[in-house]
Amino acid sequence: MAITYVAIATTTVGAGGAASIDFTSIPATYTDLILKTSIRTNQSAPDDYFKITLNGSSSNFTTRVIDGNGSTAASYSYTTSPGSQIAGQANGNTSTASTFANSELYITNYAGSNNKSFSHDGVTENNATYALAELGAHLWSNVAAITSISIAPYYGTSFSQYSTATLYGIKNS
Amino acid sequence: MPTKLVVDCSTGAVEEIELTAEEIAQREADAKAAAQTKADEEAAAAAKQAEKEAIAAKLGLTAEELVKLLG
């Protein structure tokens, strides 16, 4: 039976925190990529986001998200950086201790020669009324094959210890 | 000095590398831009809410009653 869902690489943030997590030299041998994250940042708030950079580029991203936080629902569109680079959820450091936000990004045809679209779904975790759930649709208007992915806190400046990110490759056969 | 985690997918090796001065400057510029975007969104939401309340007041309704009427 063909192996269709392969963990390419994973990493966990150490005690000193990390300003970003960068996956480099991504092989072109898969059809799609999935990035699964468990993230907390040093932002002084219940929640934060993380932003994405592809092949070192922060330009030509378009993002539309819908979210709900337990009391209100909203939608946002971004065409300029850094808002357009929002790609997933993070817990901030005033959320319940030792909890992390979970997100999944699905990047289709990452090694192809068309513009790259991807989606994300994510939730923050908090033992309180406020927590955020979000869905996002994203476009990177660039035809280059994706060979590197970098994620970094959006409002905060550092990922907290024990945050993790795992990159998976998906094959269609 | 802040560091980044770099994972080489061809080898699985993970390196912790100090940010360059340029990367630190970019990070600070992005943080300012993110904060400004948030402030703009909150101002737009407040203006929208004020408009709703003004319309509701003209009709002699509370904003909540107007929402229920339109819902």
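**Where the two chains meet**

Author: Happy to! Start with one pair of residues: Phe23(A) has Val7(B), in β1(B), as its bridge partner. Keep in mind that this is a predicted model.

Now widen the view to the whole contact. Chain A brings 23 residues to it and chain B brings 19 residues. On the side of chain A that touches chain B, β1 and β2 (21-24) of chain A each supply at least two residues. The largest share of that side, four residues, comes from β2(A). Sorted by class, the side of chain A that touches chain B holds 14 nonpolar, eight polar and one charged residues.

Ile21(A) is among the residues in contact with Ile151(A), once neighbours within four places in sequence are left aside. Other contacts of Ile151(A) on that list include Ser20(A), Phe50(A), Ile52(A) and Ala165(A). Ile151(A) is also part of the largest nonpolar core, which has 41 residues. Along with Phe50(A), Ile149(A) and Leu167(A), Ile151(A) touches the most other members of that core. The element that gives the most to this core is β4(A), with four residues.

The other strand to follow from the contact is β1 of chain A. In chain A, eight strands make an open sheet with antiparallel pairing, in the order β1-β12-β3-β8-β9-β10-β5-β6. Its edge strands are β1 (5-12) and β6 (73-78) of chain A, each of which pairs on one side only. From one strand to the next, the twist averages 15°. Within this sheet, β5 (residues 61-68) and β10 (residues 133-140) of chain A run antiparallel and are joined by eight bridges. One pair to find by eye is Phe61(A), which stands opposite Trp140(A) in β10(A).

The loops of chain A have details worth a look too. Asn60(A) sits in the loop between β4 (47-54) and β5 of chain A. Its phi is near 65°, a positive value in a residue other than glycine. Asn109(A) has 16 C-beta neighbours inside 10 Å, so it is partly exposed. In the loop between β6 and β7 (86-91) of chain A you will find Pro82(A), and the peptide bond from Ser81(A) to Pro82(A) is cis, with omega near 5°.

Finally, go back to chain B. Helix α1 of chain B covers residues 21-59, which makes 39 residues. From its first C-alpha to its last it reaches 58 Å, close to the 57 Å expected at 1.5 Å a residue. Which residues of α1(B) are buried? They are Arg27(B), Asp30(B), Ala34(B) and Thr37(B). An α-helix has 3.6 residues a turn, so residues three or four places apart point the same way. Just after α1(B) comes Gly60(B), with a positive phi of about 75°.

How values were computed
Residues are numbered from 1 along each chain as its sequence is written. Chains are lettered from A and ligands numbered from 1 in the order in which they are written. This is a predicted model: local features need pLDDT of at least 70, side-chain atom pairs count only at pLDDT 80 or more; totals for chains, interfaces and linings use all residues. The expected span of a helix is 1.5 Å times one less than its number of residues. A residue is buried if 20 or more other C-beta atoms lie within 10 Å of its own, exposed if 12 or fewer, and partly exposed in between; C-beta atoms are placed from the backbone. Two strands pair if DSSP finds at least two bridges between them. Axes are lines fitted to C-alpha atoms, for helices over the stretch in contact, and angles run from 0 to 180 degrees between N-to-C directions. A nonpolar core is a set of buried Ala, Val, Leu, Ile, Met, Phe, Trp, Tyr and Cys residues joined through C-beta atoms within 7 Å. Two residues are in contact if their C-beta atoms, placed from the backbone, lie within 7 Å. Ala, Val, Leu, Ile, Met, Phe, Trp, Tyr, Cys and Pro count as nonpolar, Asp, Glu, Lys and Arg as charged, and the others, Gly among them, as polar.
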